[in-house]
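Colleague: Can you walk me through this structure? I am new to reading these, so please give the cut-offs as you go.

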Amino acid sequence: MTQLRYPINALVSYFYFAKDDLSVLHQGGLRLIGDSGAYSALTQGSKIDLKAFAEWGLKWSQNGTLCWVAALDVIGDPRATLKNYERLRGMGLDVIPTLHHGTKPADLDFYANDGVDFIGLGGLVGTNANAGSMMRWCLSLMRYAQHTHPQVRFHGWGLTAIEPILNLPWWSVDSSSYGSAWRYGHMRLFNPRTAKFVSIRTDGKEAYHHHDLITRYYGVNPSQIAVVDHDSIPLHGRVSARSYQYVEEAMKRKFPLASPTYGQFSATDRQGAHVVDGAKRHLKSLATEGN
Amino acid sequence: MKIENVALDTIELDPDNARTHSSRNLETIKESLAAFGQRKPVVLFGNTVIAGNGTVEAARSLGWSKIAVTRVPPDWTLEQAKAYAIADNRTSELAEWDGNQLLKTLSDFDADALMSTGFNQEDLDALMKVWGPAPDLDELYDDIGDPTEEDDWQVIRARVPEDVYQRWNECLKSTGEKDLSAIIMVIDVAHRALVL
C-alpha cells in the first residue's frame, strides 16, 4: 500500500468547488489552498464573478479551511491583474498576487511595499518545455527578492519541472500532473534515486518496465496501476500524490524557509507541493484515506 | 559456519533463481570483487548456488578458478533451500538508503573508490539534487545568467498541407532557422493575400 503522509497539500479552485463543503476535504486530511480557476472557466466559456469568488474565499479562509487564496489574475494584463488584487483586498480578502513569466523583477516592489511577503510566479505551464527559460526568469525574480525584499516567499503555479523546483527556494508549488493517469493515460512518478520524473503509460505494459521504482518507492505492484479505469483511480491518485510528496520532502529539506505572514489563514506548516484536480471525487478519495 | 574454497567449474548456478542480474549489476559485482576480493562466501545447496549467483557469474567472467563457499545444513530440504534463496534477496531488497548519510560518505570518495561502490557520478549528482544543500542563487546566476529575449518568444503550432510545409522548409533553408525576417515576410504575404 502506498504510504501517504497526511495532511496532503492540495489546491482547490472556486470554479470547480464553489458549492462544495471544503471542510469535508480539510477534515479528511487535505491542507487546502484556493484559487479562482479562471483559466479553466475561460476554456469552458465561463467567467468568474469577482464578488462571489471573494465571498467563497472569505468563507473558507476565515475558519482556516483554506490556508491562503490566490488573486484572480489576468494572464498578459498586469494592470487588470493589479485591479483584481486591489478589488479583492477591498472586499476584505487578502489575496496572493501573481507575477507572470516575463515580468521585470522591479515589479515586485509594488507588492512588497504593500506589505505582501508571498507572491505567485505564473505563466510557467507553457514554459515547462523550456526549463532554461523558466529557470532564468524565476531566478531573476528570486535573486532580486533575496537582495531587496528577503522576506518575500514564492509559489510556483503549475510547476512540474524538477530542475526549478529543486534549485530555487519555493515556499510552495502546485501541479495538475497528479491527474495525468486518468486524464492523459500516463503517470508521472518521481524517482527519488535518480531525482527525475518518469513518465509511464497506463497501457497495461509499461508499468512492468518500472517494477523496481513502483514497488520500492510506491508500495504497489505494477499490475495494480498498469491500466487506468474507474476502479483504479483512487490508487492512481494515491500513487501520484506520493510522487509529489517525494518532491515536497526534497524541496522542504533543501529550503527550510521561514513562513510568510501576509494572506496566511492557517498556523500549520504550509510549505509544500500541492496536488491539483478539478474532479471532486479524486480529492475526496484522498481525503477519505486521511480519516 | 564452515567456509571452503571450491573450483568454480564444480558448482552450478541455480536454474530456478528468481533474481535476475542485469549487465550493469554484473559489472558492479565485478568492480567490487576486483577492488575488495570476495568478502562473503557463496551459499550452496549440494553443488547448486542458492545465494551468490551474481558473484559466481562475475567471478567466472573475471577468470577466477576458485571461490569461497559455505553449505546449508545437510538436513535442509529443497523447499527450505528455495525459501532461503528468496529470503536472502528479499531481506536486502527491503532495506532503504539513508540518502543524507550516503551522500556524505560517497562525496568523500575519489573516482576509483566511487566506482568500486557500484555508484557512479550520475548517481552522486542525483543524490546531491535531492539530499544536497540548497544552491546559492548568485552562483546559479553565474551558471545560467539573465533572461534572454528569446525566453519570451511564444511557440506557434499549426497543421498545414504538405506543399505548404515543403515551401516553409525551403524558406527556412534559404534564410536560416533563426532569421525572423523570413517568418515575418511569410506572415505579411499571407496577411496581404487575405486582405486583398
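Modeller: One term before we start: helices (H or I, at least four residues) and strands (E, at least two) are DSSP runs, numbered from the N terminus. This is a predicted model, where local features need pLDDT of at least 70, side-chain atom pairs count only at pLDDT 80 or more, and totals for chains, interfaces and linings use all residues. Residues are numbered from 1 along each chain as its sequence is written, chains are lettered from A and ligands numbered from 1 in the order in which they are written, and side-chain values use heavy atoms, with hydrogens and water left out.

Colleague: Fine. Where is Glu139(B), then?

Modeller: Glu139(B) sits in helix α7 of chain B, residues 137-144.

Colleague: Buried or exposed?

Modeller: Glu139(B) counts as exposed, because its relative accessibility is 54%. Buried means under 20% relative accessible area, exposed over 50%, and partly exposed in between (1.4 Å probe, protein chains only).

Colleague: Now chain A. How many helices and strands does it have?

Modeller: Chain A has 13 helices and 10 strands. Of its 291 residues, 58% are buried. Its C-alpha atoms fill a box of roughly 55 × 40 × 35 Å along the principal axes.

Colleague: Where is Ala195(A)?

Modeller: Ala195(A) is in the loop of chain A between β8 (186-191) and β9 (196-201). Ala195(A) counts as buried, because its relative accessibility is 0%.

Colleague: Change of topic: how many salt bridges are there over all chains?

Modeller: The count over all chains is 22 salt bridges. A salt bridge here is a side-chain nitrogen of Lys or Arg within 4 Å of a carboxyl oxygen of Asp or Glu.

Colleague: Which residue does Glu249(A) form a salt bridge with?

Modeller: Its partner is Arg5(A), and the closest N and O atoms of Glu249(A) and Arg5(A) are 3.6 Å apart. The pair links distant parts of the chain, 244 residues apart: Glu249(A) is in helix α12 (residues 233-254) and Arg5(A) in the segment before β1. Glu249(A) is partly exposed at 25% relative accessibility, and Arg5(A) is partly exposed at 31%.

Colleague: And what does Lys196(A) form a salt bridge with?

Modeller: Lys196(A) pairs with Glu122(B), with closest N and O atoms 3.7 Å apart. This pair crosses between chains, from strand β9 of chain A to helix α6 (residues 121-131) of chain B. Lys196(A) is partly exposed, with a relative accessible area of 43%, while Glu122(B) is exposed, with 54%.

Colleague: Which residues do shared partners join into one network?

Modeller: Arg5(A), Arg242(A), Glu248(A) and Glu249(A) are joined into one network by salt bridges that share partners.
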